Amino acid sequence: MAIFTLCSASGAPGVSTTALALTRTWAGAVPRRGALLVDADPVGSSLIPGFVEAGIPTGGGVLGVAAERAGTADDVLRHAVALDEAATCLILTGVSEPGQARPLGAVWTTLIEVAHELERSELDVIVDVGRLGHRWEPQALIDASDVVVLLTRGTLPAVAAARAALAQLHTRRPAGTPTRVLVVGRPSPYSAGDVARALDVEVLPELPEDAWASRALSLVSPTTTRLRRSALLRAATETAAALGHIATPAGQVKAS
Ligand SMILES: Nc1ncnc2c1ncn2[C@@H]1O[C@H](COP(=O)(O)OP(=O)(O)OP(=O)(O)O)[C@@H](O)[C@H]1O
Ligand SMILES: [Mg+2]
């Protein structure tokens, strides 16, 4: 498997929504792969309310993994929820409030260690770490990620914050490991091309403004035809395919 970590530098550009959209579209976009979404945002999960509203048990999520001191891929997957029958779209829910994130270092180490076992399950991992800089952020997971995706809106303050965050990521992650920028929500003053030139970084196919699909995703509702055909999920399929291409079939990642 490969670990794809999604994060932001400022505001709330749509990290959690995008992580859900990518997880839902991954199996259709990346040949022979499914996706496990790990909610690792220390500020608190924005996914749990959707599960509660839909009446779906969360399976314990990262707190279940921590309580059980789970050590294998099967242990981890037992605490995840599958949104489809084929279990190609799985979610490991996160913490409800920051205090719960403090002791989770061992969970992130476990996830990195079970990487080769998830490879046998043909699952890639998509991690939502939320906004960078929180004292309990999952640093080991960020640093061990095969690809880090920094999300931003196409506005001047957002792009300025993204520049500073990119500089930090380049300093702390191993040389050559890919970082990509993903622009969410157009029309905005700056296109993905503008952002790529301003930040001198490769950008992924951008995601459109789509309030209806964003809300449907947060409700953990089934992937209906309307949702599958929404502007957001069609674009997310392209973005997922582009991310999948960065990883080789063996799960190794090409250096950028
Ligand atoms: N592509 C989109 N089109 C329209 N609305 C969006 C889109 N992506 C996200 N949103 C909306 O923006 C708000 C913030 O989204 P989301 O919670 O995904 O952001 P986030 O970056 O995860 O924020 P946080 O750092 O608070 O976790 C939500 O109301 C969501 O529905
Ligand atoms: Mg979020």
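Guide: A residue counts as buried under 20% relative accessible area, exposed over 50%, and partly exposed in between (1.4 Å probe, protein chains only). This is a predicted model, where local features need pLDDT of at least 70 and side-chain atom pairs pLDDT 80 or more, while totals for chains, interfaces and linings use all residues; side-chain values use heavy atoms, without hydrogens and water. Residues are numbered from 1 along each chain as its sequence is written, and chains are lettered from A and ligands numbered from 1 in written order.

Let's look at helix α9, residues 192-199; helices here are DSSP runs (H or I, at least four residues), strands likewise (E, at least two), numbered from the N terminus. In α9, the buried residues are A192, V195, A196 and L199. They line one face of the helix, because down the axis of α9 they fall within an arc of 100°, taken from the directions from the helix axis to the C-beta atoms. These buried residues pack against strands β6 (147-152) and β7 (179-183) and against helix α8 (156-172), with contact meaning heavy atoms within 4.5 Å. Just after α9 comes D200, with a positive phi of about 55°.

Now for ligand 1. Of the 15 residues around ligand 1, V15, S16, T17, P208 and D210 come nearest (near means a heavy atom within 4 Å). Helix α1 (15-29) and helix α10 (211-218) each supply at least two residues of this shell, and α1 gives the most, with three residues.
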